[in-house]
Amino acid sequence: VNALIYEKCDDDDVLSFFINQQCRIFKPKQLRSASRLNINFNVMLSREKFMHRNNVERAVTIDISSGGCFIYADSNWCGVKEVWFVIKEIGDHTPILGEIKRYQPWGTKMGYPGLGVLFTQITDMQKQQLSRWLGA
């Protein structure tokens, strides 16, 4: 049936038909601005800037770049937009603020549960220390 449509259309119409009928059903994948390295830092996560042992989750990075990371975490972060965290291996323990770009709950599909995070508030010293770990 599609072959008949293609014969009657010019190249622009065929491309438009293909995009609208075949491609729009797929969710677009976001591209990262920097490649990530598989480095496992110990991380303390919190929904609040002022961390207390009662509101902190112990976690670990799966991968990291100068602009963000994926943090393995199995607690419920559904609907949460921001996360505060401290990377234990970095000397500056000022909490880093991250925007949660992706949340993968535990048990919904194969893969690591956790948070895809974009760094939105990070000190210059933390950036420098991360750069050394990343070889940048």
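1. Buried means under 20% relative accessible area, exposed means over 50%, and partly exposed lies in between, with a 1.4 Å probe and protein chains only. Lys and Arg count as positive, Asp and Glu as negative; His and the chain ends are not counted. A salt bridge is a side-chain nitrogen of Lys or Arg within 4 Å of a carboxyl oxygen of Asp or Glu. With those terms, Asp92 is buried yet has no salt bridge. The nearest side chain of opposite charge is that of Arg132, 10 Å away.

2. On the source: this is a predicted model, in which local features need pLDDT of at least 70, side-chain atom pairs count only at pLDDT 80 or more, and totals for chains, interfaces and linings use all residues. Residues are numbered from 1 along each chain as its sequence is written, and side-chain values use heavy atoms, with hydrogens and water left out.

3. What surrounds Asp92? Contact means heavy atoms within 4.5 Å. Leaving aside neighbours within four places in sequence, Asp92 is in contact with Thr123, Met125, Gln126 and Gln129. The side chain of Asp92 also makes a polar contact with the side chain of Thr123, at 2.7 Å. A polar contact is a pair of N or O atoms within 3.5 Å; within protein, one must be able to donate a hydrogen and the other to accept it, and residues adjacent in sequence count only if both atoms are side-chain atoms. Asp92 sits in the loop between β4 (82-87) and β5 (96-104).

4. Now the overall layout. The protein has three helices and six strands. Along the sequence the pattern reads α-α-β-β-β-β-β-β-α. Helices (H or I, at least four residues) and strands (E, at least two) are DSSP runs, numbered from the N terminus. Of the 136 residues, 31% count as buried. Among contacts with a separation of 6 or more, 54% come from residues 24 or more positions apart.

5. The surface comes next. The protein exposes about 9600 Å², and carbon and sulfur atoms supply 52% of it. Accessible areas come from the Shrake-Rupley method with a 1.4 Å probe; for residues, only the protein chains shown count as cover. Leu15, Phe18 and Ile19 make a nonpolar surface patch of about 260 Å². Patches are made of residues with over 30% relative accessible area and no salt bridge; like charges are joined within 9 Å, nonpolar side chains (Val, Leu, Ile, Met, Phe, Trp, Tyr) within 5 Å. Phe18 lies in helix α2 (residues 11-23). Phe18 counts as partly exposed because its relative accessibility is 39%.

6. How many salt bridges does the structure hold? The structure holds one. The side chains of Lys101 and Glu99 meet there, at 3.5 Å, N to O. Lys101 is partly exposed, with a relative accessible area of 44%. Glu99 is partly exposed too, at 32%.

7. Is Leu115 buried or exposed? Leu115 is buried, with a relative accessible area of 0%. Leu115 belongs to strand β6 (residues 114-121). Beyond neighbours within four places in sequence, the contacts of Leu115 include Leu45, Cys69, Phe70, Trp77, Val83 and Tyr103. Ile71 is another contact. Leu115 and Ile71 are 44 residues apart in sequence, but 5.2 Å apart in space, C-alpha to C-alpha.

8. Glu82 is found in strand β4. At 42% relative accessibility, Glu82 counts as partly exposed. Leaving aside neighbours within four places in sequence, Glu82 is in contact with Trp77, Leu97, Gly98 and Ile100. Glu82 and Thr120 are 38 residues apart in sequence and 9.3 Å apart in space, C-alpha to C-alpha.

9. Where is Ser35? Ser35 is in the loop between α2 and β1 (42-46). Ser35 is exposed, with a relative accessible area of 65%. Outside four places in sequence, Ser35 is in contact with Ile64 and Ser65. Ser35 and Ser66 are 31 residues apart in sequence and 8.6 Å apart in space, C-alpha to C-alpha.
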